[in-house]
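User: I have the sequence and the model open side by side. Please take me through it in short questions and answers, with cut-offs stated.

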Amino acid sequence: MLCSSLDDVTVFDRAFTAFFLRTVVPAEVEAHAASVLPSRKRRLHDRVTRAPGEEDEGTGKGADETGPAAVPMAIADRATASARGLVRVSYSPLEAEGAPPDLVPPDPGWCTAASAFVQRLGVGLSRRWVRAAHGRRFDFRRTLRSSLHTGGEALMPRWQTRRKRRPRLVLLIDGSRSMSAHARSVLQMAVAFASVTSNIEVFSFSTALQRVTDEVRRVATGGRRRLDHLHHAWGGGTSIGTCLQEFQKRFGDRLVGPNTVIIVASDGLDVGAPAVLRDAMAHLHRHTAAIIWLNPLLETPGYEPTALGMHVARPYITTFASVTDPFDLLRLSRVVRFRAT
C-alpha cells in the first residue's frame with residue numbers, strides 16, 4: 001500500500017528485512033537501493049522535460065526485460081531468487097490456504113495434557129457445603145444422627161466442606177490467515193479438551209464469529225470432520241474486538257460468569273478499532289475467572305508483543321503463554337493464574 005513504483009518496493013523490502021527480520025541485507029540489494037533515489041529523481045526530471053509523445057525511460061518495450069530482473073527483491077521466480085542467493089520477504093502468510101484443516105481425534109499426549117489442565121484448573125469454591133471425610137466445618141446434624149448407633153456417644157464426627165466450582169472453558173480460535181500455520185495444533189487442543197470435559201465451548205473467528213462446539217465434540221468421540229460453512233470466521237483478516245463483542249451479545253448471558261475461563265488463541269494482529277478491543281477485553285476481565293491468551297509467536301526469538309491489538313489486550317490478560325504441543329499445555333496448567341477478587 002505504501003509503494004507506488006518498483007523502486008519503492010525495493011526500498012521497502014530492504015527496510016523490512018533490516019528492521020523486522022534483523023538480517024544482513026545482501027550487497028546487491030544495498031547497491032541497488034543506494035541508486036534508487038537518484039535514479040527516481042532523474043526519471044522525474046525527464047518526465048517533466050520530455051517532449052510530447054516521447055516514452056518514459058523504463059516504461060518502453062525494454063521495461064519487461066530490465067524491470068523485475070534488475071530488482072533483486074522483486075524477483076517473481078523463487079527458483080531464480082534462490083539461485084542468486086536472495087530471499088523474497090513475505091510480510092504475512094497471505095499465500096496460505098483459506099480452508100480450515102480437518103478435525104481429527106487427538107493423540108494420547110494431547111488428551112493427557114488436557115486432563116491435567118482441567119483437573120488443576122480451580123476457579124474458586126462453591127457456596128454450597130457438602131459432606132466430606134475431613135473439612136473446615138463441623139456437621140452437627142449428621143454427627144448426632146450417627147451417634148444413635150453408639151448409644152448417643154459422638155464417636156464419629158462428621159464434617160462439611162465447600163466443593164470447587166466446575167470451570168467452564170470457552171476457547172476462541174483465531175482463524176485468520178496469519179494463524180494458518182498454527183491452526184492445526186490449536187484445533188487438536190480444542191478436541192482434546194472436549195474429550196476430557198463436556199463443559200467447553202469452542203468458537204472460530206476472523207472478521208466474524210461462529211460456534212463450532214458441536215463439530216469439535218463429534219470429533220472428540222471419534223471420527224474425522226471438516227469445518228465447513230465458516231464463511232467470514234476463517235481465512236480472512238482479523239477483527240478481534242468486533243468478534244469478542246459479538247460473543248458477548250450472543251452468548252455472554254449463558255457462558256460468561258465467575259467460573260468461566262476464556263482462552264484466546266491468536267497472534268494479536270488486529271485490524272479493528274483499538275477502543276472496541278479494549279472495551280471487550282475489559283468486560284471479559286471483570287466478569288470471568290481468567291483470560292488466557294495463547295500467542296504462538298511468543299516463543300519466536302526476539303519477538304516482542306508490540307502489535308497494537310496485543311498491546312491493547314495485555315493489561316486484561318491473566319496468563320500470557322504459547323501452546324504448540326502437549327508439553328506446553330502441561331506447563332501452562334502449572335502457571336495459569338486467575339483474576340484477583
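User: By how much of a helical turn are E246 and R250 separated in helix 10?
Analyst: The side chains of E246 and R250 form a salt bridge with 2.9 Å from N to O; the term requires a side-chain nitrogen of Lys or Arg within 4 Å of a carboxyl oxygen of Asp or Glu. Both residues sit in helix 10, residues 240-255, a helix being a DSSP run of H or I with at least four residues, numbered from the N terminus. Because E246 and R250 are four residues apart in that helix, the separation is about one helical turn.

User: What kind of model is this?
Analyst: Residues are numbered from 1 along each chain as its sequence is written, and side-chain values use heavy atoms, with hydrogens and water left out. Local features need pLDDT of at least 70, side-chain atom pairs count only at pLDDT 80 or more, and totals for chains, interfaces and linings use all residues; this is a predicted model.

User: What is the relative accessible area of E246?
Analyst: Buried means under 20% relative accessible area, exposed over 50%, and partly exposed in between (1.4 Å probe, protein chains only). R250 counts as partly exposed at 48%. E246 is also partly exposed, and its value is 24%.

User: Which residues are linked with D214 in a network of salt bridges?
Analyst: D214 meets the side chain of R211 in a salt bridge at 3.4 Å, N to O. D214 is partly exposed at 36%, and R211 is partly exposed at 25%. The network joins D214 to E201, R211, R217 and R254.

User: How many Å apart are the closest N and O atoms of R142 and D139?
Analyst: The structure holds seven salt bridges, and R142 with D139 forms one. R142 counts as partly exposed at 24%, while D139 is buried at 7%. The closest N and O atoms of this pair lie at 3.7 Å.

User: Which residues does T213 touch, leaving out those up to four places away in sequence?
Analyst: T213 belongs to helix 9 and counts as buried because its relative accessibility is 1%. With contact meaning heavy atoms within 4.5 Å, T213 touches I200, E201 and V202.

User: At roughly what angle do the axes of helix 6 and helix 8 cross?
Analyst: Helix 6 (residues 108-119) meets helix 8 (residues 183-196) through residues including W110, F117 and V118 on one side and M189, A192 and F193 on the other. The axes are lines fitted to C-alpha atoms over the stretch in contact, with angles from 0 to 180 degrees between N-to-C directions. These two axes come within 8 Å, and their crossing angle is roughly 60°.
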